[in-house]
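Visitor: I'd like a close look at a single part of this one, please. Could you take me through the aromatic rings and whatever they sit on?

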Amino acid sequence: MAGIGLFRAFDPKVRRHLISDEGEVVIDEVRHHWVVFTVPMLEIALAVILLIVMLWKNLGNAAFALLVIVTVLLGHAFWRFLTEHRDRFVVTNMRVMRIRGVFSQTVATTPIARILDITLQKPIIGRMLGYGHFVFESAAQDQGFREIRYVSRPDDRDLTIQRVIQRTGLRASASVDVVQGDDDDSDDDGTGPIGMNSAAEVTTTTTTTAPAHHATSTRVAGNSSKSIFNSERGNWTDDPDHD
């Protein structure tokens, strides 16, 4: 129980990094798979064996050397435990974060929409023990998101991240559709990409009555065809149904 309380004291406190007033919530908090603690556990087991040998036999001057070795093994094992325990990969409804460090802490964040591609690697041992490695292709590769190793339940985590990315994309598309219906007369009227005066880019067709009693088509803007912003594909396309 004392060990559990000690590790809780060194918990990275992920929720203090959330933007609560903007409605940010944790979707998944990923800890390392238990396999990363194999080496520290072996070091502790070796230290215990050496202590038993010291107590069982009178080693004389060699006892001090063994005591130093035991201390080093226990100290290194404890450090590895804390390092792996405080390494967290967090997925929220807005972004992804990686929090690392024992005494000095590093917090790297990137918006969820900036993740371009995710590769899930599952080695043979990982498939048997239930862990995998994530490789992210994004603009945040230099911030510690390039590779997240020894992730437990990798398939479930992959689906969770994919759902969050998909929902984020749907919300962005809905926001574009809402802005497109805005009647604001400012320079950026919302019908084109941010910062673009779409009144100069999107052409419309007006009909006037000519003296010969037939309709004449007049182009208001300088483009030769009308363009619309397709929020689902995210690019500019020509409208084939409008002359």
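Guide: Let's start with the rule for pairing: rings of Phe, Tyr and Trp (its six-membered ring) pair if their centres lie within 6.5 Å, and planes under 30 degrees apart count as stacked, over 60 as edge-to-face and the rest as tilted. Keep in mind that this is a predicted model. By that rule, there are five aromatic pairs. Take Phe89 and Phe136: their centres sit 5.4 Å apart with 40 degrees between the planes, which makes this pair tilted. It also links distant parts of the chain, with Phe89 in strand β2 (residues 88-92) and Phe136 in strand β6 (residues 131-138), 47 residues apart. Phe136 has another partner in Phe134: here the centres are 6.1 Å apart and the planes are at 25 degrees, so this pair is stacked. As for burial, Phe89 and Phe136 are both buried, and Phe134 is buried as well.

Strand β2 belongs to an open sheet of four strands, ordered β1-β2-β3-β4 with antiparallel pairing. The edges are β1 (26-30) and β4 (106-111), each pairing on one side only. From one strand to the next, the twist averages 15 degrees. Zooming in on β2 and β3 (residues 95-100), you'll find antiparallel pairing over four bridges. Arg88, for instance, has Ile99 in β3 as its bridge partner.

Notes
Residues are numbered from 1 along each chain as its sequence is written. This is a predicted model: local features need pLDDT of at least 70, side-chain atom pairs count only at pLDDT 80 or more; totals for chains, interfaces and linings use all residues. Side-chain values use heavy atoms; hydrogens and water are left out. Helices (H or I, at least four residues) and strands (E, at least two) are DSSP runs, numbered from the N terminus. Buried means under 20% relative accessible area, exposed over 50%, partly exposed in between (1.4 Å probe, protein chains only). Two strands pair if DSSP finds at least two bridges between them. Axes are lines fitted to C-alpha atoms, for helices over the stretch in contact, and angles run from 0 to 180 degrees between N-to-C directions.
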